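Here is a briefing on one protein chain. Start with the sequence and the model, then read the points below.

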Amino acid sequence: MESLITPELIQELKEFLIEHPPDPAYDEEAEYLDGKLPPQEFKSRCAYGFLESLGELPEELKRK
C-alpha cells in the first residue's frame with residue numbers, strides 16, 4: 001500500500017509553515033482547543049505538529 005505521506009506533501013507543508021508560522025499570540029487559545037483559532041492558524045499548528053512528529057520540522061521553526 002502506498003503511503004499518503006509523500007515527500008511532496010512534506011515539502012508543501014514546510015513551505016506553508018515558513019510562510020505562515022504559528023502565531024504565539026494564539027498559544028493560550030490553542031492550549032484549550034476551544035475552536036476559536038483562525039483557519040490559517042489552525043492549519044499552521046496542525047502542520048507544525050505533523051512535521052515535528054515525522055522529524056521533518058524545518059530547523060528555523062523549532063521552538064527553543
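Angles between axes fall into classes: under 35 degrees is roughly parallel, over 145 roughly antiparallel, 65 to 115 roughly perpendicular, and the rest oblique. Helices (H or I, at least four residues) and strands (E, at least two) are DSSP runs, numbered from the N terminus. Axes are lines fitted to C-alpha atoms, for helices over the stretch in contact, and angles run from 0 to 180 degrees between N-to-C directions.

The model is predicted; local features need pLDDT of at least 70, side-chain atom pairs count only at pLDDT 80 or more, and totals for chains, interfaces and linings use all residues. Residues are numbered from 1 along each chain as its sequence is written, and side-chain values use heavy atoms, with hydrogens and water left out.

**Overall build**

- The chain has three helices and zero strands.
- Its pattern along the sequence is α-α-α.
- The C-alpha trace spans about 35 × 25 × 20 Å along its principal axes.
- Of the 64 residues in the chain, 27% are buried (under 20% relative accessible area; exposed is over 50%, partly exposed in between; 1.4 Å probe, protein chains only).
- The chain exposes about 5,000 Å², and carbon and sulfur atoms supply 55% of that area. Accessible areas come from the Shrake-Rupley method with a 1.4 Å probe; for residues, only the protein chains shown count as cover.
- Take the contacts (heavy atoms within 4.5 Å) between residues at least 6 apart in sequence: 51% of them join residues at least 24 apart.

**Packing of α1 and α3**

- Helix α1 covers residues 7-19 and helix α3 covers residues 39-54.
- They pack at an angle of about 130 degrees, with axes 10 Å apart.
- α1 and α3 are therefore oblique to each other.
- Their crossing is left-handed (the near helix is turned anticlockwise from the far one by less than a right angle; clockwise would be right-handed).
- From α1, the contact uses I10, L13, K14, F16 and L17. From α3, it uses Q40, K43, S44, A47, Y48, F50, L51 and L54.
- By class, this contact has nine nonpolar, two polar and two charged residues. Ala, Val, Leu, Ile, Met, Phe, Trp, Tyr, Cys and Pro count as nonpolar, Asp, Glu, Lys and Arg as charged, and the others, Gly among them, as polar.

**Residues to look at**

- S44 sits in helix α3. Its relative accessibility is 1%, so S44 counts as buried.
- Beyond neighbours within four places in sequence, S44 is in contact with F16, L17, H20, P21 and P22.
- C46 is also placed in helix α3. C46 is partly exposed, at 40% relative accessible area.
- P58 lies in the segment after α3. P58 is buried, at 9% relative accessible area.
- Beyond neighbours within four places in sequence, P58 is in contact with K14, I18 and L51.
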